[in-house]
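Here are some notes for a colleague who is opening this entry for the first time. They are set out as numbered points and can be followed with the structure in view.

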Amino acid sequence: MTVGTTRRVNDLNVMVAGQGGDGSLTVSNLLGVLLGRHGFRMYNARNVASRIKGGHAAALMRGSTVGRSCMGDELDLLVAFDEEAIERAASWLADDGLVIFDSSGGPAPRANLPPTVTVYEIPFARMAIRDLRRDLFKNSLGFGVVARIVSASDTEAEEVLQHRFAHLPERVAAANVQALRAGFAYADEQGLSAGNGPLVLADGPPTDHILISGNEALAFGFLTAGGRFFAGYPITPASEILDWLERMLPRFGGIAIQAEDELAAINMAIGAAMTGTRSMTATSGPGISLMQEGVSHLGSAEIPLVVVDCQRSGPSTGMPTKPEQSDINMLVHGGTGDFPRIVLAPATPTECFELGAAATNFAQRIQGPVYVMLDQAVSQDAMTVEPFDLGAVEPVTGKRLSRQEVATADEYRRYAITADGVSPWALPGTPGGMSLVTGNERNEWGQVDTAAANRVAMVDKRARKIETVRADLPLGYRWGDPSAPVGMIGLGMERGPMEEATERLAAAGLTIDGLSPRTVWPVLAETIDFVRSHDRVYVVEHNAEAQFAHLIASVGGPHDRLRLVTKYDGIPFRPGELASRILEAEEVAK
Amino acid sequence: MTTTYQPATPIWCAGCGHFGAQAAIVHALRVLEIPPHETMVLAGIGCSGTIQNNLGTYGYHALHGRVLPTATGVHLANPDLTVIAAGGDGDGYAIGMGHLVHTLRRNPSFTYVVMNNGVYGLTKGQDSPTFQTAGASLDFDAVSLALSIAASSFVARGFARWSDQLNRLTVAAVEHAREGRGFAFLEVLSPCVTYNDTYPQWEATLHDLDATDHDPTDRTAAFDAVSRLGDMGRMAVGMIYRDDIAPTPVEYRPHPAAADVTPAANAEAYAAVLDRYRI
């Protein structure tokens with residue numbers, strides 16, 4: 001096959017797919033490094049089955065010179081290790097899309113593909129076994145063909161491979177280079193000569209960047225804010241936080257522990273938090289359900305803790321590897337009784353870092369629970385972002401009493417009623433600071449007390465703590481045209497598609513004003529004012545019951561201005577899909 | 001002198017076994033000269049879950065059944081504190097049973113005193129997992145369970161009325177934990193005079209291993225004694241098993257609560273973490 005036209009790309013959507021264990025991630029990582037050298041910024045996602053090996057597994061990747069924070073509408077390039085990959089990706093492929101198919105088991109099934117798609121059939125697995133004696137080499141072999149597709153020079157492709165395998169033994173790297181060169185040879189047979197492929201990469205501005213997932217960034221933020229204790233129980237999609245902190249905390253004098261269940265996890269974290277150690281636990285919806293009693297206890301007993309919910313599709317065990325935002329009700333309203341809490345919602349790795357640190361500090365300031373609400377996409381997708389501003393993080397201690405302060409005080413009451421609701425805190429080990437900590441209603445001394453006047457005073461005291469920090473709670477991210485009569489609002493994973501859909505809608509003649517709140521609870525005036533100041537506001541969220549829209553309406557957002565845009569199929573919005581949903585709704589509005 | 005909370009008078013019925021358990025804890029803290037500000041007593045839910053109010057130390061009232069993970073967190077984060085977890089058989093052997101197994105397995109260095117009376121007293125007399133029909137051996141024997149977990153390092157049982165022995169065992173338990181030898185599990189048979197008065201029954205069936213030539217460092221012998229006594233409808237009390245491992249030196253214990261978290265002290269190491277993500 002000869003290649004006719006050459007297209008210059010600055011925004012490339014790629015899917016590498018096959019069975020779990022095929023090594024789809026290797027090919028996509030190699031391409032990511034190559035794109036990075038051209039100044040492209042990456043958005044990496046995955047679509048996997050909930051099992052260790054096998055099942056359809058796809059690495060999704062978008063490289064763009066402007067830096068997008070979601071996958072695009074269409075796939076430009078598909079690397080398919082089996083027929084299922086083509087079947088699943090067919091509807092996403094662009095009309096001028098390219099498919100590289102591992103034809104070891106036969107020709108590509110073209111029936112589902114748009115006729116204008118170009119297919120390269122190369123028997124990677126067969127060649128890898130025949131010439132290189134190992135199936136796994138099909139990845140480097142495949143990358144050789146991908147490199148030719150994007151018109152990279154062979155030298156550049158080899159440098160990428162060497163860079164990527166630098167940490168491996170030399171003979172492994174050498175064998176992969178051999179596989180890469182075999183890939184070049186097959187590409188030659190397909191008419192793909194070096195530097196002369198159907199796609200040519202534009203060059204973005206070379207800058208200093210990091211590539212990191214939300215879960216890793218959040219754990220890092222907690223660490224820099226002084227977090228030194230973590231307890232968790234493995235659960236998708238939160239386990240990376242446990243893994244990361246198990247590796248990192250011991251290097252900083254901290255401890256991460258894998259508990260026997262989520263009940264133990266939150267109570268271990270409660271214990272550590274009582275010693276003044278900044279502490280955190282992380283889980284997903286099913287674990288948050290089990291932790292509700294613990295969170296309520298944090299609110300009552302006034303113990304600072306960060307609780308992370310990496311939301312996945314519910315209800316119950318739901319779809320563990322798929323994203324959803326259906327725990328909003330539980331985070332905002334869950335638990336027994338009335339107690340103050342904060343719920344923060346980051347949308348990017350940068351915000352995961354910043355809000356991970358902020359949550360750690362807010363927990364100390366309110367001596368109570370602070371949730372950080374992520375979703376599977378925000379948790380596990382990795383993005384190219386500016387290096388985090390480490391210097392901007394300052395661990396906050398809140399109202400703690402030093403040994404000296406306790407020694408010179410006449411008396412110490414753990415639950416002293418104060419104007420700001422926060423009681424000065426003497427850590428265990430402080431002479432003279434002995435106290436009783438309990439989830440029961442108690443008096444200022446910590447002694448159980450159910451007298452009516454004390455009860456009301458204590459509930460009110462605890463509630464005041466939120467007012468004390470309200471002005472410092474993180475405001476949302478804004479984009480679009482502030483004068484537009486139509487607004488769009490959404491949390492977490494909706495940010496990227498919403499922002500990009502805004503561009504599409506502007507091109508279609510509809511200007512949009514956008515808000516992505518970073519504080520979910522308490523609902524800030526910013527959110528209510530946003531709804532009040534627009535004729536109608538599209539509330540974009542991943543759940544069936546419009547939980548976020550109901551939350552906004554429940555605190556005074558005029559409900560007749562809210563337009564629901566829900567999705568609960570386990571797949572993030574594509575920008576074009578979201579733009580279409582809104583344009584359809586606008587048609588109805590007319 | 002800073003005034004803090006006034007220790008409470010126990011809420012227990014006259015004759016409750018818990019008085020004996022509390023007296024033994026007070027005795028151990030005094031004998032070992034552990035000041036109240038370096039002690040944290042964590043208690044579960046139930047009649048026994050009020051013991052922390054009576055002692056003048058740092059006290060914590062845990063969620064029902066969760067006293068062990070909470071105490072584990074306190075101990076791991078600040079190993080300088082003397083941590084004593086306390087609770088009843090409902091708290092520890094019913095709702096909190098899973099945590100007992102895993103705490104024995106992890107072997108963290110704190111003391112756990114279970115006041116076992118075979119009944120839920122605070123909720124007025126429901127059966128607990130250790131409720132015994134007259135004459136039968138324990139339906140559930142936590143001592144056997146503890147012995148079956150290879151990591152367990154201190155297993156003892158006392159009787160609330162036998163105060164000399166209970167004092168000795170409690171001192172030994174707190175010492176074991178303070179020296180970093182591991183989890184000190186002490187069950188106190190502590191009759192509920194109101195709903196399950198087992199004083200006469202237990203007094204007649206207990207067998208004091210301390211008065212025999214039992215070697216508490218021999219796990220097999222401990223198993224043997226406990227199961228043979230059980231077959232006879234009797235129960236072992238005394239120092240049943242203790243690992244004779246050396247204490248963990250203080251300098252080898254991580255201490256998160258004392259970690260220097262200032263940006264100045266960590267800037268370079270944080271920057272190195274960030275560098276791992278550069279592309």
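1. Which strand of chain A is joined by bridges to β2(B), and how many bridges are there? In this predicted model, strand β17 of chain A, residues 436–438, is joined to β2(B) by three bridges, and the two strands run parallel. Within this pairing, A:L436 has B:G59 as its bridge partner in β2(B).

2. That pairing belongs to an open sheet of nine strands with mixed pairing, whose order is β17(A)-β2(B)-β1(B)-β3(B)-β4(B)-β8(B)-β7(B)-β10(B)-β9(B). The edges are taken by β17 of chain A and by β9 (206–208) of chain B, each of which has a single partner strand, so one side of each is left without a neighbour in the sheet. From one strand to the next, the twist averages 20°. Further along the order, β7 of chain B (residues 154–159) and β10 of chain B (residues 235–242) run antiparallel and are joined by four bridges, with B:F154 having B:R242 as its bridge partner in β10(B). As background, strands of a sheet pair through backbone hydrogen bonds, either parallel or antiparallel.

3. The contact between the chains takes 65 residues from chain A and 50 residues from chain B. On the side of chain B that touches chain A, the elements giving two or more residues are β2 (58–61), α2, α4 and α9 (263–275) of chain B. Sorted by class, that side of chain B has 27 nonpolar, 19 polar and four charged residues. For the model, the scores are ipTM 0.98 and pTM 0.96.

4. The contact is made by B:L68, B:P69 and B:T72 on the side of α2(B), and by B:H99, B:L100, B:T103 and B:R106 on the side of α4(B). By class, the residues of this contact divide into three nonpolar, three polar and one charged.

5. Taken on its own, chain B has a secondary structure of nine helices and ten strands. Its radius of gyration is 20 Å, close to the 19 Å that the globule rule gives for 279 residues, so chain B is as compact as a globular protein of that length. The C-alpha trace of chain B spans about 70 × 45 × 35 Å along its principal axes. The mean pLDDT of chain B is 95, and 98% of its residues reach 70 or more.

6. Chain A, for its part, comes to 19 helices and 23 strands. Its radius of gyration is 27 Å, close to the 25 Å given by the globule rule for 590 residues, so chain A is as compact as a globular protein of that length. Along its principal axes, the C-alpha trace of chain A spans about 85 × 65 × 40 Å.

7. Chain A holds an open sheet of seven strands, with mixed pairing and the order β11-β10-β12-β13-β15-β14-β21. Its edge strands are β11 (255–258) and β21 (519–521), each with a single partner strand, so one side of each is left without a neighbour in the sheet. Neighbouring strands of this sheet are turned by 20° against each other on average, direction ignored. Strands β14 (residues 342–344) and β15 (residues 369–375) of chain A run parallel and are joined by three bridges, and A:L344 stands opposite A:V372 in β15(A).

8. Which helices pack on this sheet of chain A? Helix α8 (residues 239–248) touches β10 (227–232), β11, β12 (278–283) and β13 (305–311), and its direction makes about 135° with that of β11(A). Helix α9 (residues 262–274) of chain A also touches β10, β11, β12 and β13, and its direction makes about 170° with that of β12(A).

9. Some backbone details in the loops of chain A deserve a look. Most residues other than glycine have a negative phi, and most peptide bonds are trans. The peptide bond from A:T236 to A:P237 is cis, with omega near 5°, and A:P237 is found in the loop between β10 and α8 of chain A. Another cis peptide bond joins A:G314 and A:P315, with omega about -5°, and A:P315 lies in the loop between β13 and α11 (328–333) of chain A. A:S316, also in the loop between β13 and α11, has a positive phi, near 50°, and is a residue other than glycine.

Terms used
Residues numbered from 1 in each chain as written. Chains lettered and ligands numbered in written order. Predicted model: local features only at pLDDT ≥ 70, side-chain atom pairs only at ≥ 80, totals over all residues. Pairing = 2+ DSSP bridges. Axes fitted to C-alpha atoms, helices over the stretch in contact; angles between N-to-C directions. Contact = placed C-beta atoms within 7 Å. Nonpolar A, V, L, I, M, F, W, Y, C, P; charged D, E, K, R; others polar. pLDDT = per-residue confidence, 0-100. Rg over C-alpha atoms; globule rule 2.2 N^0.38 Å.
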